[in-house]
Amino acid sequence: MPELQRLRPDHAPALLAFERENRAYFAASVPDRGDDYFTGFDVRHAALLAEQESGACHFHVLAGGDGEILGRVNLVDVAGGSAALGYRIAEKAARRGLATSAVEKVCLLAATEYGLTSLRAETTLDNPGSQAVLARAGFVATGETELDGRPGIAYVRDLTGRPRRTDTVSGRRYTA
């Protein structure tokens, strides 16, 4: 079972491989990162770790047993008890419930470890998979938005109540 891990320096090679292997797949539903992201990856990775160290962001990877990165879930723009959630799952790992599970785990961390009270997220209208993940993870649509010139939906998740968990045996939700 993949493990959610906080981003570390040693994740860099596997994370770069993940981004390269899935670039076209991701670009179909989210804005492409551009060539500069890949050519300057080491500098970018160091900058992310510095942002994380400052508390401005919380970055996570979903690592397989062999260290391969299968996804990432990030909390960015942390301020005033809130943050923006972003996530992506490798094409070969999609449609297996990994995104929902990872997003739910990060929501729990956001409330219990990072002291956040709410999360924001956005997705395009033509991405029903992402909409379903956000709904299953307790996000509520708050209105329309635009993402890179495409119509989208904005969401929010209140973390002040008791965090939701999923029973890994039955898959049923319960409050814990």
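Author: Let's start with charge: the protein has 21 positive and 23 negative side chains, and the centres of the two sets lie 7 Å apart. Lys and Arg count as positive, Asp and Glu as negative, with His and the chain ends not counted; each charge is placed at NZ of Lys, CZ of Arg, CG of Asp or CD of Glu. This is a predicted model, where local features need pLDDT of at least 70, side-chain atom pairs count only at pLDDT 80 or more, and totals for chains, interfaces and linings use all residues. Residues are numbered from 1 along each chain as its sequence is written, and side-chain values use heavy atoms, leaving out hydrogens and water.

Reader: Thanks! Where does Asn-22 lie?

Author: Helices are DSSP runs of H or I with at least four residues, numbered from the N terminus. Here, Asn-22 sits in the loop between helix 1 (12-21) and helix 2 (23-27).

Reader: Does Asn-22 count as buried or exposed?

Author: Buried means under 20% relative accessible area and exposed over 50%, with partly exposed in between (1.4 Å probe, protein chains only). Asn-22 counts as buried because its relative accessibility is 5%. Across the protein, buried residues make up 42% of the 176 residues.

Reader: Which residues is Asn-22 in contact with, leaving aside its neighbours within four places in sequence?

Author: Contact means heavy atoms within 4.5 Å. On that basis, Asn-22 touches Ala-90 and Glu-91. For the protein, among contacts between residues at least 6 apart in sequence, 57% join residues at least 24 apart.

Definitions and conventions:
Helices (H or I, at least four residues) and strands (E, at least two) are DSSP runs, numbered from the N terminus.
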